[in-house]
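Subject: Structure handover

Hi,

Here is the structure I promised to pass on.

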Amino acid sequence: MVFYVKQGRMPESRHTYDSRESILREELFGEESFEGPYSLLYHLGEPTRVKSLSRKEKGSLAKGSQAEMRHRHIKSFDIEARGDFVDGRIPLMFNSSLVLSVVKPLNETKRLYRNAVHDEIWFIHKGSGLLETMLGNIAFQKDDYLYIPKGTTYRISGASGIEAFLVESRQRCSIPPRYLNVYGQIKEGAPFYTRDIRVPSLAKPDDSPGEYIVMVDYGDYFLEELRDRNPFDVAGWDGYLYPFAISTRLMAPIVGKLHQPPPVHETFSSPSFMLGTFLPRKFDFHPRSIPISYYHSNIDTDEVLFYSSGNFMSRRGISPGSITLHVRGLIHGPQPGAMEAAIGKEGTDEIAVMVEAYEPLMVTSSALKAEDAGYMESWYK
Ligand SMILES: [Fe+2]
């Protein structure tokens, strides 16, 4: 749920037409059947017009093998770029609700994509590009988040220059409800504001004939939809469900006299996980504060951190592109010497994304291949 947006042309009332000669084809694009957030889209042509459907196996996108629980460090910077923005996704961890991947496309593509089962949150680690969707376009750059609701038909232009951390969630992701007042507006005190949210800008509708491929992603396989008209033929839309971008550069991290717990850094929430962002900030101002995370047991969650930029004071051996997994059942916290080294430091320039998954996370064979095998011993040595 964000806020009401209206773009382009549409009839005065829903479920009606303006001109008998050029009836716009209304599509309700909505979550949770007819009860959740939705938008109404007005197509030039019939959105149901599909020439053929064929099943395609995912190949390198397969989730791979499971492994036992342990703290891990995955060096995602060692994983090679591959494919386009569709098959350049490399899943690293997953459970029944979530898939966490890095995306490192090598090539541009004309093909389109639609995630049938997951909402997507992209964190742009490197590069910039254009998210082109049926509801319009959003330019993005490093340190942006992109939120793309399931069912959105889209393409990423400039994908060959980007690297991203991607969270796919079966359950709907949203701005944390505790940030909203009863009127739906983001409250004072939240680390970002409505003005920071960038909505799609609707392009001129295009229903040109041609050959258009939409890769519909069902998690374990694709259906390849072949269309003979451009699906970006929306003349207007309005509603509450749409992709958006938000820049971490505009966010205002919450700091305090004493070390603040991760929930103050929350950016998105869902019934199956919470996502937070650690941003450049001043440290705690108590004269004897220890400005670093205390030891903690995540009794009910597995905690993933994607380290994007800055100096990661709390973790030895971590570089931009590192991903750590700290699992339930095993205590974690500062490595030996980190606490002493942190005392007296005034701030950090780090940007890191945290995902707390409420169901145990399995790791994929791609993750194991890029693992720093000595990480578990980093608290012992
Ligand atoms: Fe932690």
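Let me start with some strand pairing: strand 8 (residues 112–115) and strand 13 run antiparallel and are paired over two bridges. To count as a pair, two strands need at least two bridges between them according to DSSP. Strands here are DSSP runs of E with at least two residues, helices are runs of H or I with at least four, and both are numbered from the N terminus. Within strand 13, Thr153 is the bridge partner of Arg114. Strand 10 (residues 128–133) is also antiparallel to strand 13, joined to it by four bridges, and Leu130 sits opposite Ser157 of strand 13. Strand 13 (residues 153–157) is largely enclosed by the rest of the structure, because four of its five residues are buried. Buried means 20 or more other C-beta atoms within 10 Å of the residue's own, exposed means 12 or fewer, and partly exposed is in between, with C-beta atoms placed from the backbone.

Before going on, two notes on the set-up. This is a predicted model, where local features need pLDDT of at least 70 and side-chain atom pairs count only at pLDDT 80 or more, while totals for chains, interfaces and linings use all residues. Residues are numbered from 1 along each chain as its sequence is written.

Now the whole chain. It has two helices and 27 strands. Its radius of gyration (over C-alpha atoms) is 22 Å, close to the 21 Å from the globule rule for 381 residues, so the chain is as compact as a globular protein of that length; that rule is 2.2 Å times the number of residues to the power 0.38. Buried residues make up 39% of the 381.

On to the core. The largest nonpolar core has 82 residues, and Leu92, Met93, Leu100, Val304 and Phe306 have the most contacts inside it. Such a core is a set of buried Ala, Val, Leu, Ile, Met, Phe, Trp, Tyr and Cys residues joined through C-beta atoms within 7 Å. Domain 1 (50–64 + 80–233 + 241–247) and domain 2 (252–379) both contribute residues, so the core lies between them; the domain bounds come from an automatic or database assignment.

Finally, Gln260 lies in the loop between strand 19 (244–247) and strand 20 (266–270). Gln260 counts as partly exposed because it has 15 C-beta neighbours inside 10 Å.

Cheers
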